[in-house]
Amino acid sequence: MLPSNELGRVLHGPPAHAEPRGSGLVVVTATVDDASPHEVLHRAREVMSCLLTVGATEWPNEQTWARRLPTWFVTACPLEQSAAEQ
């Protein structure tokens, strides 16, 4: 998987007549309650775009992710708790 190729797929969909390669086709099914399906897709693309612009060798720490990811996403994701905190 090349992140640049995947970013293009996330933002624009697959090229015409593209055949799945590598691990194959991954299908994601989501249930949309009160939000517009278009808004859900926009938000998913927003987060995936952040993830796909980072290489595996330069994986950011949590503080850097908090700056890179959309604020609405960071706010919705609580910090992990230690066993003592749970």
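User: How do the residues in the lining of the second largest pocket divide into nonpolar, polar and charged?

Analyst: Happy to start there. This is a predicted model, and in it the lining of the second largest pocket divides into eight nonpolar residues, one polar and two charged. The lining includes Glu62, Gln63, Trp65 and Phe73. Glu counts as charged, and Trp and Phe count as nonpolar. About 330 Å³ of space lies in this pocket.

User: Which elements give two or more residues to that lining?

Analyst: Those elements are α3 (62-68) and α4 (71-76). The largest share, four residues, comes from α3.

User: Trp65 is one of the lining residues. How do you know whether Trp65 is buried or exposed?

Analyst: Look at the relative accessible area, which is 11% for Trp65. Buried means under 20%, so Trp65 is buried.

User: What makes Trp59 and Trp65 an aromatic pair?

Analyst: The ring centres must lie within 6.5 Å, and for Trp59 and Trp65 the value is 5.0 Å centre to centre. The angle between the planes is 65°. Angles over 60 degrees count as edge-to-face, so this pair is edge-to-face. Trp59, with 52% relative accessibility, counts as exposed, because the cut-off for exposed is over 50%.

User: How many aromatic pairs does the structure hold?

Analyst: Two. The other pair is Trp72 with Phe73.

User: Why are Trp72 and Phe73 called edge-to-face?

Analyst: Their ring centres are 5.8 Å apart, which is within the 6.5 Å limit for a pair.

User: Why do Trp72 and Phe73 count as partly exposed?

Analyst: Trp72 has 29% relative accessibility and Phe73 has a relative accessible area of 27%. Buried needs under 20% and exposed needs over 50%, so both values fall in between and the two residues are partly exposed.

User: What makes you say that Arg43 lies over the face of Trp72?

Analyst: Arg43 is at 4.1 Å from the ring centre of Trp72. The distance limit for a charge over a ring is 6 Å, and Arg43 is listed as lying over the face of this ring.

User: Let's turn to helix α2, where Ser49 is found. Why is Ser49 called buried?

Analyst: Its relative accessible area is 17%, and the cut-off for buried is under 20%, so Ser49 is buried. A polar atom of the Ser49 side chain lies 2.7 Å from the backbone oxygen of Arg45, inside the 3.5 Å limit for a polar contact.

User: Cys50 is also found in helix α2. Is Cys50 buried or exposed?

Analyst: Cys50 is buried, at 16%.

Terms used
Residues are numbered from 1 along each chain as its sequence is written. This is a predicted model: local features need pLDDT of at least 70, side-chain atom pairs count only at pLDDT 80 or more; totals for chains, interfaces and linings use all residues. Side-chain values use heavy atoms; hydrogens and water are left out. Rings of Phe, Tyr and Trp (its six-membered ring) pair if their centres lie within 6.5 Å; planes under 30 degrees apart count as stacked, over 60 as edge-to-face and the rest as tilted. Buried means under 20% relative accessible area, exposed over 50%, partly exposed in between (1.4 Å probe, protein chains only). A charge sits over a ring if NZ of Lys or CZ of Arg is within 6 Å of the ring centre and within 35 degrees of the ring normal. On a 1 Å grid over the protein atoms alone, a cavity is a set of points where a 1.4 Å probe fits but cannot get out, and a pocket is an open set with protein on both sides within 12 Å along at least five of seven lines; lining residues have an atom within 4 Å of a point. Grid points are joined across faces, edges and corners, and a volume is the space filled by probe spheres set on the points. A polar contact is a pair of N or O atoms within 3.5 Å; within protein, one must be able to donate a hydrogen and the other to accept it, and residues adjacent in sequence count only if both atoms are side-chain atoms.
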